[in-house]
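Could you look over this model before you set anything up with it? My notes are below the structure.

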Amino acid sequence: MRWIALMLAAMAALMARPAFAWGEFGHHSTASIAWVNVSPETRKAVRELLRSEQGLGTPYCRVRSLEEASYWPDCIRREGWRWAYSFAWHYQTMNVCRPYDPRANCSGGNCVTGQIERNRRILADKSLPAAQRLEALAWLTHFVGDLHMPLHSGDKDDRGGNDVAAKYGIAPGRNLHAIWDGPMAERGITSAVPPLIRRYTPEERAALDTGEVADWGRESWELARGLVYAKAFDRDPCAGGEAPKEVVWSDEDIEASLPTLRQRISQAGLRLARLLDGALSK
């Protein structure tokens with residue numbers, strides 16, 4: 001009985017932690033889509049950069065593939081004393097009930113859109129040390145995934161849904177952000193037909209790989225308002241009234257949201273592929 005109690009306590013502690021966008025599985029999937037869809041020249045350049053992994057100085061967080069690179073920025077959070085300056089880079093949340101401003105909440109480039117541009121430029125600069133460019137590759141790969149998660153762009157002054165307690169179906173003990181971060185992403189990716197990780201046709205790429213970084217943030221903000229919060233609150237989140245402290249993300253909400261979630265993962269992977277080709281295929 002004591003062992004069971006310890007296990008339940010550990011699970012509760014894990015579920016109470018603030019969530020990161022998509023989680024490891026979602027980030028790996030985004031990177032895998034990009035890897036399948038980049039040019040051969042880009043894959044060769046990435047492999048060369050991966051040889052400088054030791055220069056990152058993070059043996060506890062390996063970077064031996066683009067998939068591992070995609071999760072490295074979350075993995076290194078365990079050493080907050082070393083990497084805390086980067087924590088604000090993962091998001092650029094704006095209240096969904098106020099006008100959207102692509103330049104807001106990004107002082108000194110300390111937000112997800114600012115860091116995508118910064119690290120794209122570092123990655124493309126062949127005069128810089130390989131380890132520095134590999135770190136930029138990891139940041140860039142991760143942040144493109146983060147930007148496509150709606151709750152990293154839109155919120156209700158609740159830390160992107162982290163402060164909204166939520167049930168996933170009948171399972172309690174989560175929050176709204178964590179639902180999208182973990183079980184929703186895993187369910188959407190694993191149940192997709194055709195699979196999300198594949199070589200996309202030119203027609204598919206033309207439909208999904210659209211816009212620039214600021215556009216991607218606006219898309220996520222709009223989805224946070226019109227999909228995530230609307231379904232969580234069962235009403236227009238900006239119609240007035242106090243926001244609920246706990247919501248139920250029902251089976252109907254899950255099924256209705258999966259097509260959009262799959263689209264965001266696919267868009268993130270294909271748009272990342274475009275950025276990587278632009279930085280490395282020259």
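The numbered points go from confidence and overall build to a few individual residues.

1. Ground rules. This is a predicted model, where local features need pLDDT of at least 70, side-chain atom pairs count only at pLDDT 80 or more, and totals for chains, interfaces and linings use all residues. Residues are numbered from 1 along each chain as its sequence is written, and side-chain values use heavy atoms, with hydrogens and water left out.

2. Confidence. Mean pLDDT (the predictor's confidence in each residue, from 0 to 100) is 92 for the chain, with 92% of residues at 70 or more. Residues 1-19 have pLDDT below 50, and beyond near neighbours in sequence that stretch makes nine contacts in the model; a contact is heavy atoms within 4.5 Å.

3. Overall build. The chain has 12 helices and five strands, taken as DSSP runs (helices H or I, at least four residues; strands E, at least two) and numbered from the N terminus. Its radius of gyration is 19 Å, close to the 19 Å from the globule rule for 282 residues, so the chain is as compact as a globular protein of that length. That radius is taken over C-alpha atoms, and the rule is 2.2 Å times the number of residues to the power 0.38. Of the contacts with a separation of 6 or more, 71% are between residues 24 or more positions apart.

4. Burial, and Thr 93. Thr 93, in the loop between helix H5 (80-83) and strand S1 (94-95), counts as buried because its relative accessibility is 19%. Beyond its neighbours within four places in sequence, Thr 93 is in contact with Asn 105, Leu 151, His 152, Ser 153, Gly 154 and Asp 155.

5. Asn 105 is in the loop between S1 and helix H6, while Asp 157 is in the loop between strand S2 (154-155) and strand S3 (165-168). Asp 157 is exposed, at 54%.

6. Two prolines. Val 193 and Pro 194 are joined by a cis peptide bond, with omega about -5°; Pro 194 is in the loop between helix H9 (183-190) and helix H10 (202-208). Pro 99, in the loop between S1 and helix H6 (112-124), is exposed at 76% relative accessibility.

Notes. Buried < 20%, exposed > 50% of the residue type's maximum accessible area, 1.4 Å probe, protein only.
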